[in-house]
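Let us walk through a protein together. Keep the sequence and the 3D view side by side as you read.

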Amino acid sequence: MVMKKTDMVYISVQEPGDTLNNKCLENKEKNGRLQTESKTESQTESQHEDDGRGKWGGNLDFLLSCVGYAVSITNIWRFPYLCYKNGGGAFLIPYVIFLVICVLPLIFIEYALGQFSSSGVLTVWKISPLLKGIGYGVLIASAIYCTYVNVIISWVLYFLYQSFTSVLPWSHCNNEWNTINCHDVQNRSSGIQNGTVYNSSFGIQNGTLTSNATKKTASEEFWTHKVLQITDGIENIGGIRLELLICLFVAWLIVFLCLCKGIKSSGKVVYVTVTFPYVVLLIFLVRAVTLPGAIDGIKFMFIPKWHKLLSTQVWGEAALQIFFSTAVGWGGYITFASFNRFNHNLYREAILVPFINGGTSILAGFIAFCILGYMANVKGMQVAEVVDQGPGLAFVAYPEAISTFPVSPLWAVLFFLMMLTLGIDTQFGTIETMHSALVDEYPKLLRNRKTLFMSAICCVGFLSGIPYVMNGGIYILQTVDWYVGLITPMIAAIMECMLIGWIYGTDQFYDDLEMMTGRRPSPLWGIFWKFITPTSVVLMVVFNLIQFTPVSYGTYKYPNWAVVVGWMIGFASVIPIPLYIIKDLWAAEGSLFQRIKTRLTAGSDYGPALEVNCIKQAELLHLTTSERLENSSNQPDVFDEKQNMIQTV
């Protein structure tokens, strides 16, 4: 005897398959899609393949797309900085712990929700209609996020274009944009080149000596004076950088061409865009470990400062880094899993993707610290003085190091091609999340106009990115990056755990997983979903808010009005959550308690998208627990034969 939830109440049933079968078939009759006549094998297979949304061409398409979505540019620039800042090897301990107890269970939930219902981040909340506002919040956060990710890609494209030269423009100070404060790392022994006095590392230009406090490397001046042509603050936004505007257009064009056919096109593109960064990382690894001073950087990363483990900041920043670097709570995994076949073995990706992401961060960190150790050796300073965070590491420190390599333009091209593919993959997942969510929500309007709708998204995204490519655009981008997704993804993660652990119920969720995969998860997953994972995410929220500081850019302090705008951006994706709850409860009937209970319970239209999967899941559940145990112990072929027969439907 098991407790089974159907419609809006919990009832006790003997055969779980009966209730689910009746419910599932009834839903399909309501939708006018159930055909009770027998089907040929080819007809059934055709129906299984086509639910109007499309399916992945193969399992590897799905895995690579998820890896590309999880592994982003931040794995290259943010993890190394945080690892150094928080105790090197000691930082890796809480990093791995939170990967296991927080990220892995959440990704499992998102995969299962998307695959079972074949729904995006809006329609998936049929499982608990009252919480649909979370889907709208995630959608808004994703829309804001994707507008500035392509700006970062446009910077990468600009650097890539500038790399196709015999001498990298950021490797010396003989450029029109260089100032008197520029110093050249490669030519530190002399201020004279070809008989011309230039800005050397001694700070001498035209007989004038500059102080150490005002010295800037050639790569730093290239970034600020050539690429950004930055103003003195957000109050002075300046004009549009034409070169960056062209690069932004190219970035959105690449995204559109890769996504215009949906997952059928993006699923093939990822074979190149996901594997290429690992090829480049391995090439850089071989080069980096042979650099003079690399060992100093490696020591900084891997020799633990054990006392750091007593700091709550180390644990908090490790948790936040693995949470945000894997993009949990942003809806991408739900979206990608919704294109899986109903019986896909999602356990494999649920384990692989978070560990691949974590392993990539560690690999990138190892390479970064080898390079930073080398730069410390070249500059004659400590590794601590070389380390930078954010775009500064990707667009200043790395290019500066690359400029000292033999055949430096080749290394630069490889590096920025890697950065391009990392950014494009993340953008694929973000835009597809938005696209699929709205198509699922308004199928009659958009399902037959997917390409046109994708072009509209890309056009709006391009126009929205124009403020970022103005002279003061970096200040706007920093503000948006600082505040967007500050709370919403974590709220979504907490509610996913509460939903599965306490509202929908782990037993029902286990049944859903068994219907899809033929395997019932370990009870340990339920413990994580009910207690451990939501508690860890709540602690992240608290830590994030306690340690949060107002937005800044280097030494520049933002005016108060800019900070207020930043908080408005941060809460723009939170506001839909309570607003939708109020709206939904207002439209419901009954007392307040009855309304809440009714709207928290899975709707009658929640379930597999295809009736063939409804029939299949009901047939599988007709095997009672005792029957399955008996067959598995005494007649193992009976259950296997019956299950295989059903899977051929």
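Predicted model: local features only at pLDDT ≥ 70, side-chain atom pairs only at ≥ 80, totals over all residues.

Residues are numbered from 1 along each chain as its sequence is written, and side-chain values use heavy atoms, without hydrogens and water.

Start with the overall picture. The protein has 28 helices and 10 strands. These are DSSP runs, numbered from the N terminus: H or I with at least four residues for helices, E with at least two for strands. The protein has 649 residues, and 58% of them count as buried. Buried means under 20% relative accessible area, exposed over 50%, and partly exposed in between, with a 1.4 Å probe and protein chains only.

Now go inside. The largest nonpolar core has 183 residues. Such a core is a set of buried Ala, Val, Leu, Ile, Met, Phe, Trp, Tyr and Cys residues joined through side-chain atoms within 4.5 Å. Y111, W155, F284 and F395 have the most contacts inside this core. Its largest share, 17 residues, comes from helix α6 (residues 132-163). Look at F284. Beyond its neighbours within four places in sequence, F284 is in contact (heavy atoms within 4.5 Å) with I367, I371, I402, F405, W411, L414 and F415.

Finally, turn to helix α8, which spans residues 242-259.
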